[in-house]
Structure formats: structure tokens, C-alpha cells
Amino acid sequence: MTQILVNILLPLILAPLLLGVINRTKAVLAGRTGQPLLQLYFDLWKLLHKGAVYSRTTSWVFRAGPMVGLAAILTASAIVPLGETSAPLHFAGDLILLAYLLGLARFFTVIAALDTGSAFEGMGASREVTFSALAEPAFLLGLAALARLTDNLSLTGILGGLTWHTWAASAPELAMAAAAMLIVFLAENARIPVDDPNTHLELTMIHEVMVLDHSGPDFAFILYGSSVKMWVLGAILVQAVLPASSAGYEARLAICLAGMFALAVLVGVIESVMARLRMIRVPQLLVAAIAFSLLAIILVLRRP
Amino acid sequence: MNGLLQLRNAQAVRADSVPRLSVEEFREAVICAVEGGARLSAMFGRPAEGNRLLVTAVLANDPDGTLQACSTVVDGGYDSITPDCPQAHWFEREIAEQWGVRPQGHPWLKPVRFQPPCRPAAGQPPAAERPVIGVTDFFRVEGHEIHEVAVGPVHAGVIEPGHFRFQCFGENVLHLEISLGYQHRGVERAMIGGPTARSSHYMETLAGDTTIGHATAYCQLLEALSGSHVPARAEVLRGVALELERVANHVGDLGALAGDVGFLPTLSYCGRIRGDVLNLTAMLCGNRFGRGMVRPGGVGFDMDSARVEELLKRLAVIAKDTAISANLLWDTPSVQARFEGAGTVSRELAEQIGLVGPAARACGLERDIQNHHPSGIYRFAHIPLSGWDSGDVFARAYVRWLEIQRSLAFVSEQLRSLPEDVVMASPSSPAGNRFAVSMVEGWRGEICHVAVTDDRGRLAAYKVADPSFHNWFGLACALRNQPISDFPLCNKSFNLSYCGHDL
């Protein structure tokens, strides 16, 4: 019971902190003081106390977007185990549900953006669906490789079934699947080298430009939703890379949390040492992720 | 030579020695001169007798360091020069807008600033017919999958207002049209009847980031008109201030270019270093942008040896930090992948449309007022011309880096050998019926000021051609067939001034 509560509540509470860690890492590497670690919490609190502005050209779709998006992502977070225990929601094939819940959130963000009729948001929507059409196969194929490796169709089973022995026996497959997941993680969370979360230039944005017209609580939902989404994708990656199933629950949970924040630091470092890709090169990166996933699957299937 | 008046930078001549040609001869003279390698540096109108318009063209002949001028009187309409000389494109639109004359056969006759007509005799049109800023028939590409993106005049960052209309096919830009004029204040008109106590301030705030550049061009012009002499020490200090302005802006641009591709280290470091350089300008005159530094007859502030020592010490630190920060850009493959091949302007196009400044030098053109038409300290101390030939964002960034190094070397060399002298000559007022052209290579490119005095020595006409006036069209051309997501990067690599254009 406690484990389930922890599994549900920890992501909801800690997700915005990940962004704080990323931003602090970037600030330190650039020689700046940077914003407070808890800045996103302050922002969410502020936005929740504001009113929202709606354009007359928008319909209910625009208002539904942030709510459906957040609901889908929160449900997705219940499928992902934390500390390699049983997730609150788990059944054979739940990884498909996870992919589609994330897809649903994206679908509503995109149609809410199109609903505004703005040229910027249309461009952002077009970019988002183009790139996610390439990121989704990489993600699913990567999960499929892990599923085959552990002979399990539930995320709980997959992440719990990965041990140091699996790594020792099939390091290349796992490493390739993890590389694919890392690329998908960066792309799905609108990080450099795919997107630049700090830019104010609408013409270069992918994700941010779709939510330009949302304000107040709606925008808080969107910000919170993306931070939980980052947690969800990060938790899968971290638990695949750091299998700890032999240790006790507390130790596993601690390793998992440490891994999450190490991932945030890694993202901060990546963003500090390289520039963003030119937009026409982004598909090449994502196709590379698909290639990694495919190779992982082929290697797994060829195992005796 | 072909009926044109020959003169030099910052040299005054009798106003009536500028030849008045017939419209046909004028066209012929300008087109021939430009075909022969000259550049159209300024072209402007002023009222002539009988409700007609006197159009004057100033051409710069870089190889032999001379300027040429000629004028003509037009009435109502005349055959446009633009079809044979694209450099006149923007100038003719400006003249048509300001004075209501019609360049017949101009391929793109739209307002440049949406300002009301200047000619008082023609009478102001009723309010309903006055141009509304930003409202014009924008060029449209028709087709099933073509979409239009409108950006500005209010932008997401804290920048000046301007409207950009893109015609896109997917992510590709087929055409960009730039519509400016939001910053029009009527500076040129305010100068007429001067110089007054305000004139210097108008010039310093003409484009806030080019305070020293425009103030120097203005003072040089006034000194030419009045035939006064500037003390050697003041000439050196003007040069030092101008180069510090160049370094500050170029360093800021390198940082901003890094920011536009999401490369944080150079963005953060250059942002800080730019502030340090601005502080050096503040050591010269107490203002970070150099307000009050350059004044007719000399400079407003002198340096003592203690401050020179301190400035040189800080300059050495800045040189070291800038080198580290800029070299990060050239050493990072992901940054180079963004810079190279983005927003390329060919040498031929740059020559045709008359680009100036670092944007022209990045296309392999040798255009530099300090080298070709030197004035002030640059007659004695030469800074080598920095160029590159690929014409892309990388070239524009790299030319800036070359110029930063040379300017820093120049500043420290000049400060070490400051001549002993006063810094301000006794002022004298402009002589009557004079015509003079003053050019300065500002950090953004060629700054050209032209003035004509009336018989009492007051300014009868004042024309300012900011480098942005030549280069905005270059940005529009650079964007053809580029991904729209690269627009901010290309825009930053030109970094043009809105208020310098709008005046």
C-alpha cells in the first residue's frame, strides 16, 4: 500500500524539480547563479491564481487540450513503476497503453494549437507531429526489445525483470535500446538538440509555440503535464539502465531517484555543450534512434 | 569626368558646384558609374524652385577613394533608375514616398516608412489617404500548399518593431518581405535649420547602438562645412571610442548568434564581456553608449594617464576572455553545422544590391570606409580589412571576430601613443552655400551623412544613410529558399537597426 502511494505521489511531487535541476546545471556550467531550484513550483502556483484569456476564434477544443493532456499524462505515470516495484496500474500489454496515452496528450495539444488558427501554432503542430511520427516507433521498438529480452509485456515486469545478469548477458542490445530511449527522451521533452526550451523565437520553436496562446491555469496544466511526462519517460530510461532488483525496496527507490536526478544533470550538460540541430536534421537523429531500436530488436530475436 | 563632381570624404564644396544634369544625363551618369564599380551611397531629394524636386546622388568610388555627386531636377515623374541599377531600389522608393514624385518603371514601388509626404507645397493629403503603417499590398505566392506567416511588429524578445511577411512552402521560405517604418521620428527634417543645441543629441540617438558612429559622421560633416580643424588627440579618442563601440556590438552579436542556435557557453560569456566593453566606453566619457563623447570640434572628455592605464589593463583581460569565448564557437561542430551554409548571399547579389559593412565583407567584397575613404585618425593608422568569402552566417560571424581582434589591437596601440594636445577646438559655424559628404565605417557598415547649407550657413538639407538602409533588402534575399526556422539566426547575423533605417 505504501509502495503504491509512493509510486503515485513521488512523481507528482518531484517532477517539477527535475526541470529545476536541469536549469541549475546549465546555470552553473555557464557561470551564472541561475533561477531557484523550485522555480517551476512558484510558476505553477502563480499561474493557478491567474485568469485565462481565450481568443474568440477558439472552440471547446482549445479549452479541453490542457485538461485532456494532463489527465492522459497523469494516467501514464501510474503505469510506470518506481523503484522496480509493481506499478499501481499494470497488466500485460500496458506499455502499449502508455505509448497511446502519451499520443493522446500530444493529439490534444496539437488540435488545441490548430484550433487557434495562428500561423505559428500551425507550424509548431506540423513540426510536432512530423517528429513524433519518428520518435514513437523508436520508443515502441525499444520497449519491444526490452519486452522480448525479459519475456514480459508489462512495464512492471520488464523493468523488474532487468537485472545485472541481463546486462552482463546482452549489453549491446540493452545499450542500443537505452540510446534510442535517450534520444526519444530529449525529443519528446523538447530539449536540445531537438528543440530549445529557452528560446523566445517563435519561428524556431517546436513544442513551445503550440502552447503560446494558453494562459493561466491552462498553461499551468501544460507546464505541469510536461514535467510529469519528463519524469515518466525518464523513469523508464533510468530503471532500464540501472537495474537494482536484488536490493531491498528502499535501496531500489533511492537508486531510482538518484538516477532521475543524474539524468537531469546529464540533460543540463548536453544542453550546455552543444548547439541545437538545424530543423531539417532532426529527423535524421530520430531515424538514428529507430535504427538503434531495430538493431536491438534484431539482436534480441537472434539470441539462441 | 562624365560630368560628375569629384570630392573626398569630409570635404566641403560650393553647393552650386554640384552639377545639375538633365534627368536623362543623371540616369546615364549614375548607371554608368555603378556599372564601373561605384556604389550609390546616398540619394535624396529636396525642394527646388517652382514646386519641383532636386534629386542628388552621392556615389562612392572605393578603389581611388573619391566620391562623386550630381543632381537633377524632376517634376512629377521620371524614368526609374532601379531597373538598370538595383542599388537605387530603396532610395527611389524613399524619394517617391517623401516627395510624391513617381519613378516610372520602378518594379517595387511601395512605401519604405509609411511617412506622410514632406513637400509642404503639395499640401498634406486628407487623413483618410495618409499611409497607414504596415498596410500595403504584400507580395503573395499563390498555390495549394503555400502558407503565409506574419511576424511582428510586436516581437517576443525585447527588440525593435518591424513586420516580416513570409511566403512559405512547408518549412521553406520562398519570399520574405520586410515592412518597416514603426520607428520613424523625422530626424532628418528636425535637422533642417540647424545646427542647434539639440542636433548632436538627435544624431547620438539616431541608432542607439551606433551612437559614436553617427555622432562622428555628424561632427565630421559640420567640421567640413565650417572648415574647422580637430585636434590630433581628439581624433585619436574618437577612433578609440568608435572601435570600442565596434568591439562591444560585435561581441554582443557573437553571443546572440550562439544564443539563437542554443549554444549556452558563448551566449553567457559574450553577454558579460559586452558589458565589460561598454564599461570601457563609460571610462572615456561616463556613458556606456558614448553619449556626449563626440562633439563638433573634438571630443567632450579627455583621458588622463591613470585612466588610460586602467583601461589598457581591462582591455587585456577582455581580449583574453573574448578569444576563449569566440573560439568555442569555431571549435564546436554542432555550432558550425548551424552557421555554415545558412542564409548565403552570393558575391554577385551583394554587389548588385549594394550591401555594406561586415555583411558585404563576408561575401568577399572589399568595402570599408576606413580603408577606402579614410578620415580622422584612420588617415594615419590603418586597420587591415577583414573579409571572408562564403557569404553565410558563419562568414558574417567570423568577419566580426576578425574585426574584434583588430579593433582591440588598434585601441591599445592608439592609447599607448596618445598625442599631447587639447581635445576641443574652438567652435566655428558652418559656412553658407556648402555641400559636404561625411562617411564613417560604423560597426554595422558605412554611415553616410550629407548636408547642404543655405546662404546663412544653416542646414538646408540633411540626409542620413544608415548601413541598415542598404542591408535590410540583403536579409530578405538571404532568406530565399532557407528554412523558416533559420530566420532568427540569419536576422541576427545581419543585426540591422530598425530606428537607423526609419530615422
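Chain B has 503 residues and a radius of gyration of 22 Å, taken over C-alpha atoms. A compact globule of that length would come near 23 Å, so the two agree; the globule rule is 2.2 Å times the number of residues to the power 0.38. The model is predicted: local features need pLDDT of at least 70, side-chain atom pairs count only at pLDDT 80 or more, and totals for chains, interfaces and linings use all residues. Residues are numbered from 1 along each chain as its sequence is written, and chains are lettered from A and ligands numbered from 1 in the order in which they are written.

Along the principal axes, the C-alpha atoms of chain B fill a box of roughly 65 × 60 × 40 Å. Of its residues, 54% count as buried, with 20 or more other C-beta atoms within 10 Å of their own, those atoms being placed from the backbone. Contacts are pairs whose C-beta atoms, placed from the backbone, lie within 7 Å. Among chain B contacts between residues at least 6 apart in sequence, 68% join residues at least 24 apart.

Chain B has 16 helices and 16 strands. These are DSSP runs numbered from the N terminus: helices are H or I with at least four residues, strands E with at least two. One open sheet has 4 strands in the order β2-β14-β15-β16, with antiparallel pairing; a pair needs at least two DSSP bridges. Strands β2 (11-14) and β16 (459-465) of chain B stand at the edges. Each has a single partner strand, so one side of each lacks a neighbour in the sheet. Neighbouring strands are turned by 15° against each other on average, direction ignored. The axes are lines fitted to C-alpha atoms, for helices over the stretch in contact; angles run from 0 to 180 degrees between N-to-C directions.

Between β2(B) and β14(B) (residues 434-442) there are 4 bridges. Here Ala12(B) stands opposite Ala436(B). Helix α5(B) (residues 211-226) packs on the sheet, touching β2, β14 and β15 (445-453) of chain B, at about 155° to β14(B). Helix α14(B) (residues 467-478) also packs on the sheet. It touches β14, β15 and β16 of chain B, and makes about 135° with β15(B).

Now chain A. Helix α9(A) has 26 residues (216-241), and its end C-alpha atoms are 38 Å apart.

Finally, the interface. Here 22 residues of chain A are in contact with 26 residues of chain B.

Conventions: Contact = placed C-beta atoms within 7 Å. Expected span 1.5 Å × (residues − 1). Buried ≥ 20, exposed ≤ 12 C-beta atoms within 10 Å, placed from the backbone.
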